[in-house]
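My notes follow in the order I took them.

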Amino acid sequence: MGPRVAEATGIRFETSCNVLVIGAGACGLVAALRATEGGADVIVVERDRSPSGSTSMSSGFIPAPATRYQAALGIRDSAEQFAADIQKKAGHEADPTIVELVTSEIGPTLEWLADKHGFEWLVLTDFLYPGHSANRMHAVPEKTGAGLMARLLSAVEAADIPIVTGAHATTLFVRPDGVVAGIEVERLDGAAERIGCGALILACNGFGGNRDLVRQHIPAMADALYYGHPGNDGDAVFWGAALGAATRHMGACQGHGSLAHPHGILITWALMMEGGIQVNTQGERFSNEHGGYSEQAVAVLNQPEGIAWDVYDARVHKLGLTFPDYQEADKVGAILSSDTAAALASRMRVPPAALDETLATVERFHRREEQDPYGREFTRNPGLEPPYYAVRVTGALFHTQGGLAIDRSARVLRIDRTPFVNLFTGGGAACSVSGSRIEGYLSGNGLLTAIGLGSITGRTAATSAGLLR
Ligand SMILES: Cc1cc2nc3c(=O)[nH]c(=O)nc-3n(C[C@H](O)[C@H](O)[C@H](O)COP(=O)(O)OP(=O)(O)OC[C@H]3O[C@@H](n4cnc5c(N)ncnc54)[C@H](O)[C@@H]3O)c2cc1C
């Protein structure tokens, strides 16, 4: 059965809780931890047998300003500075209230995860992601989304919060006054169960896994490979439409212009930020690689065959090897290397003279003899030197950033801007802070709003559930 909303009157629930969370990704698990801390009894429902979500597929890098981890490294940063970076990338289209909310929530939330739940955080200092004015990417020591997810699941288990897996939420039961009374889930064997709640948190991410919705809202990515969790197929959008909820910035998303192809392994954008370039199958550059990896997905897909090559050198390769995904790409043979540009070109099957000319031109940009017509500043990094390295990549859709509009408490808003009293959302299900376009995504906006809004929804839902009971 597809997602639907039904009248709650007369519905009996087999079990009930104060706060019910749909989706066991970063948003749902942080929300569950916060709501439990607020005194609520919480149930999380998850459609998969084993929770993973896009969170465990991610690199797990979370931007947070003014943390004690930054301070220990002498990094100066503030919520205001981070908010300015977000708005600059989003073309000042992001809702300032939500930007202010998440930029001030995320740092204390990471510290709370450390203090209360034993998380360890490190700050990535090897390079700056496009658009960030300070080193503020935090990661668990494994530097993977899987490592982040494992820690969240351990914390939830330690807090005795039940996660009902293999439970696909299909129906929201809503009273005539707009209060959500509970949901129906479909179990793997097709059986239906009903769970009542004092407050409901939609943490089921966006609509990247729904090709029709992507085609409708993000036509530039209609035929792009979707590299996020397939179960994120837009349920929050359908429930929102049935409830008369407002959606915002549905054209926004996180794309990525560097997914090893055909291997399907994320190649860190650090390669580009530290001196690498992208060329097409003709051996020619086609863009400013420092604009951002999200919009670069479209730039790559617009090249012949939708293919590009990341080209760099041994220094950059060494940096790449500090990332688990890149190590994996190296292990499976996705990374090529050769002592000369001509030899590399023939392995890449691009015209050797063209690649040679591209590298020579880039060298002139480094020496300030010419200006890059695409506007990239090359003098911040050393020039590329043999031996050269290359990896074949394509553009992909990672997750959607538009979604349900929310207020300061992360309550879902109706089209007339009044809030649903006990319906909350965060992460990919909510409208994020990337504005309306693909180029508005500042790296980290995904986990920023998953963890930041997860924290806020958990706290406010616990309070709201108490009031409603
Ligand atoms: C390859 C990749 C790399 C990324 N790297 C980063 C990064 O380094 N930093 C960053 O900030 N962001 C990154 N992102 C984005 C980030 O992963 C997401 O923004 C974030 O994980 C969203 O968290 P979430 O909790 O909203 O969703 P998810 O983690 O996807 O969790 C949603 C859960 O809801 C479940 N679900 C869906 N519908 C239902 C239903 N009807 N009933 C029950 N359960 C349901 C799903 O099965 C899923 O488990 C990356 C994404 C990808 C794909």
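**Entry 1: cis prolines.** I started at P262, which sits in the loop between β13 (253–260) and β14 (265–266). Helices here are DSSP runs of H or I with at least four residues, strands are runs of E with at least two, and both are numbered from the N terminus. The peptide bond from H261 to P262 is cis, and its omega is near 10 degrees. Before going on, I noted that this is a predicted model, where local features need pLDDT of at least 70, side-chain atom pairs count only at pLDDT 80 or more, and totals for chains, interfaces and linings use all residues. Numbering starts from 1 along each chain as its sequence is written.

I then checked P387, in the loop between α14 (352–366) and β18. The bond from P386 to P387 is also cis, with omega near 0 degrees.

**Entry 2: positive phi outside glycine.** I looked up D160, which is not a glycine but has a positive phi of about 60 degrees. I found D160 in the loop between α6 (145–158) and β7 (163–164). Is D160 buried or exposed? D160 counts as exposed, because it has 9 C-beta neighbours inside 10 Å. The cut-offs are these: 20 or more other C-beta atoms within 10 Å of a residue's own make it buried, 12 or fewer make it exposed, and anything in between is partly exposed, with C-beta atoms placed from the backbone.

E305 is no glycine either, and its phi is positive at about 65 degrees. E305 lies in the loop between α10 (293–301) and β16 (307–313). E305 has 10 C-beta neighbours inside 10 Å, so I logged it as exposed.

**Entry 3: the partners of β10.** Strands of a sheet pair through backbone hydrogen bonds, either parallel or antiparallel. I count two strands as paired if DSSP finds at least two bridges between them. Strand β2 (residues 15–22) runs parallel to β10 (residues 192–202), and 7 bridges join them. I22 stands opposite L202 of β10.

β10 also pairs in the parallel sense with β21 (residues 419–425), over 3 bridges. There, L200 stands opposite L423 in β21.

Strand β9 (residues 180–187) is antiparallel to β10, over 5 bridges. E186 has A192 in β10 as its bridge partner. The hairpin of β9 and β10 has 4 residues between the strands, and G190 takes a positive phi near 95 degrees in it.

**Entry 4: a three-stranded sheet.** I traced an open sheet of 3 strands in the order β4-β6-β5, with antiparallel pairing. β4 (62–63) and β5 (122–123) are at the edges with a single partner strand each, so one side of each has no neighbour in the sheet. β4 and β6 (residues 137–139) run antiparallel and are joined by 2 bridges. I found M137 in β6 as the bridge partner of P63.

**Entry 5: the ligand shell.** How many residues surround the ligand? I got 43, and the closest are G23, G25, G53, G427 and G446. A residue is near a molecule if its C-beta atom, placed from the backbone, lies within 6 Å of it. The elements giving two or more residues to the shell are α1 (26–37), α2 (53–57), β8 (167–174), β18 (388–400) and α15 (445–468).

By type, I noted 18 nonpolar, 21 polar and 4 charged residues in the shell. Ala, Val, Leu, Ile, Met, Phe, Trp, Tyr, Cys and Pro count as nonpolar, Asp, Glu, Lys and Arg as charged, and the others, Gly among them, as polar.
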